[in-house]
Amino acid sequence: MAAVGHASVGDFDRVLVLDFGAQYAQLIARRVREAHVFSEIVPRDITAAEVRERRPAGIILSGGPASVYADDAYEIDPAILDLGIPVLGICYGHQVIAHTLGGTVSRNDVAEYGRADLELAGSSLIFHELPEQQVVWMSHRDAVAAPPDGFTVTASTPDSPVAAMESRERGIYGVQFHPEVAHTPRGQEMLKHFLYEACHARPMWTHVGIIEQAVDEVRTAVGDATVICGLSGGVDSSVAAALVHRAVGDQLVCVFVDHGLLRKGEAQQVEETFRSNFHMNLIHVKAEDRFLDRLAGVTDPEDKRLAIGETFIRVFEEVAAEIPDARFLVQGTLYPDVIESGTKDAAKIKSHHNVGGLPEDMQFDLVEPLRDLFKDEVRAVGEELGLPEEIVWRQPFPGPGLAVRIIGEITRERLEILREADAIVLEEVRRAGLYRDLWQTFGVLPAIRSVGVQGDGRTYAYPLIVRAVTSEDAMTADWARLPYDVLERISSRVINEVPGINRVAYDISSKPPATIEWE
């Protein structure tokens with residue numbers, strides 16, 4: 001199994017974000033991309049030789065939870081600071097620079113968590129034309145007490161004498177605060193100063209540029225071969241299909257595997273949209289029985305994902321056997337999928353069916369044109385490609401479908417109950433005008449029963465858990481404060497209209513510590 005044709009940096013300048021385990025690393029990467037410069041998260045133990053091979057325009061060292069003096073403190077290869085590549089250290093990264101180059105990092109008597117008043121000191125590349133006094137966001141206890149030789153202190157706060165430092169000659173900069181968060185109002189301007197002035201990075205990471213690069217790479221990788229796309233009708237697979245279709249036209253055959261785990265009316269919607277409206281070659285494979293047989297007795301979430309991923313690929317292989325010269329498989333894998341499925345320096349949160357769930361003996365080469373993109377970038381690319389709003393702004397839906405929204409064994413009865421209840425949840429959210437404001441809204445059906453009273457009789461039925469979250473990219477999420485009247489309508493309709501449910505609850509946990517999906 002090989003991966004080819006995913007969006008690479010090509011002619012784009014790139015900035016490496018070294019991840020020191022902070023919750024902010026992904027946010028830094030997104031902020032760099034918002035400045036139209038490609039960013040890539042890499043493990044903190046990357047070597048100078050590996051950095052040199054990637055030929056980045058700049059390097060950013062993220063924050064992190066550790067102390068530079070801890071026994072297991074995260075360090076970097078010191079040679080990275082001698083490559084002549086501009087470096088910006090943020091929070092822990094700022095301290096790592098100071099500690100590595102001979103400065104002094106000490107434990108403050110007073111921690112700085114939250115807003116702090118920053119005072120600039122003299123001229124600085126990072127703070128060029130910014131106010132001498134401004135508000136920044138801090139999150140640390142250790143602080144740089146003295147900079148390394150050759151560095152100039154460029155800003156301070158009452159509790160951080162070296163809140164920022166630089167050696168413009170070496171192209172190395174450090175800030176103790178977090179410019180990537182919204183609570184640092186001028187933070188994006190500071191990042192742009194580093195990217196454009198220190199790194200001389202070109203702001204070419206645009207939606208048009210992404211499309212052109214991806215189209216060229218797909219054409220080069222595929223040649224004259226036939227390409228199969230696993231089309232679900234969701235945002236990711238739809239954008240991937242449209243992008244590949246632009247590259248290879250009729251060489252693309254879209255295969256819609258109806259695994260019986262979809263929401264109400266989705267199979268019909270996929271047929272109508274892509275066969276009738278977009279005139280793509282579409283094969284509709286009805287495989288509900290096969291998937292349900294494979295899932296019989298399976299309750300572990302990872303086992304569900306792996307079973308669905310393997311069955312999904314086997315169905316594709318059977319379809320491909322009937323299509324001449326079908327060597328490539330398109331998937332809508334995104335950057336957060338890759339991160340969450342585990343990297344060298346990141347723990348696996350869950351196996352995404354299109355990343356960690358793929359069998360090793362799969363017979364296709366993968367074409368993943370969205371693999372380097374965050375969800376907001378995918379939506380923007382979809383709009384640029386001319387996809388309709390109802391597809392581009394459709395809320396994310398997991399590849400394993402309702403299988404990971406039923407907690408326990410999957411049965412036909414539970415699927416039908418959840419389909420009907422979930423449809424009501426979405427109808428009421430749309431009716432309230434909240435659909436576009438939410439990242440995801442859905443129902444979860446735990447395979448447990450509780451006592452209730454309906455009419456004059458006692459019931460013993462399932463509960464429905466309603467989940468609604470806000471997020472920018474699914475890396476973090478907060479539970480949505482839905483109005484009580486909306487929750488009341490959902491609860492009343494579900495209990496009255498869906499046989500088998502007698503109780504509705506609302507999930508008020510955020511990610512982290514929870515995940516968005518329950519499995």
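This is a predicted model: local features need pLDDT of at least 70, side-chain atom pairs count only at pLDDT 80 or more; totals for chains, interfaces and linings use all residues.
As background, side chains of opposite charge can pair when their charged atoms come close.

**The Glu-368 pair**
- Glu-368 teams up with Arg-371 in a salt bridge, with N to O at 2.8 Å.
- Arg-371 comes out as partly exposed, because its relative accessibility of 22% isn't under the 20% cut-off for buried.

- Glu-427, Glu-428, Arg-431, Asp-485, Arg-489, Arg-493 and Glu-497 all belong to one network, joined by salt bridges that share partners.

**Loop to loop: Arg-202 and Asp-13**
- Arg-202 and Asp-13 make a salt bridge, and their closest N and O atoms sit 3.0 Å apart.
- This one links distant parts of the chain, 189 residues apart: Arg-202 is in the loop between α4 (187-198) and α5 (207-222), while Asp-13 is in the loop between β1 (2-4) and β2 (14-19).
- Asp-13 counts as buried at 17% relative accessibility, whereas Arg-202 is partly exposed at 39%.

**Helix to helix: Glu-288 and Arg-412**
- Glu-288 and Arg-412 meet through their side chains in a salt bridge of 3.3 Å, N to O.
- Here too the pair links distant parts of the chain, with Glu-288 in helix α8 (residues 288-295) and Arg-412 in helix α13 (residues 412-431), 124 residues apart.
- Glu-288 is partly exposed, with a relative accessible area of 28%, and Arg-412 is partly exposed at 44%.

Methods. Residues are numbered from 1 along each chain as its sequence is written. Side-chain values use heavy atoms; hydrogens and water are left out. A salt bridge is a side-chain nitrogen of Lys or Arg within 4 Å of a carboxyl oxygen of Asp or Glu. Helices (H or I, at least four residues) and strands (E, at least two) are DSSP runs, numbered from the N terminus. Buried means under 20% relative accessible area, exposed over 50%, partly exposed in between (1.4 Å probe, protein chains only).
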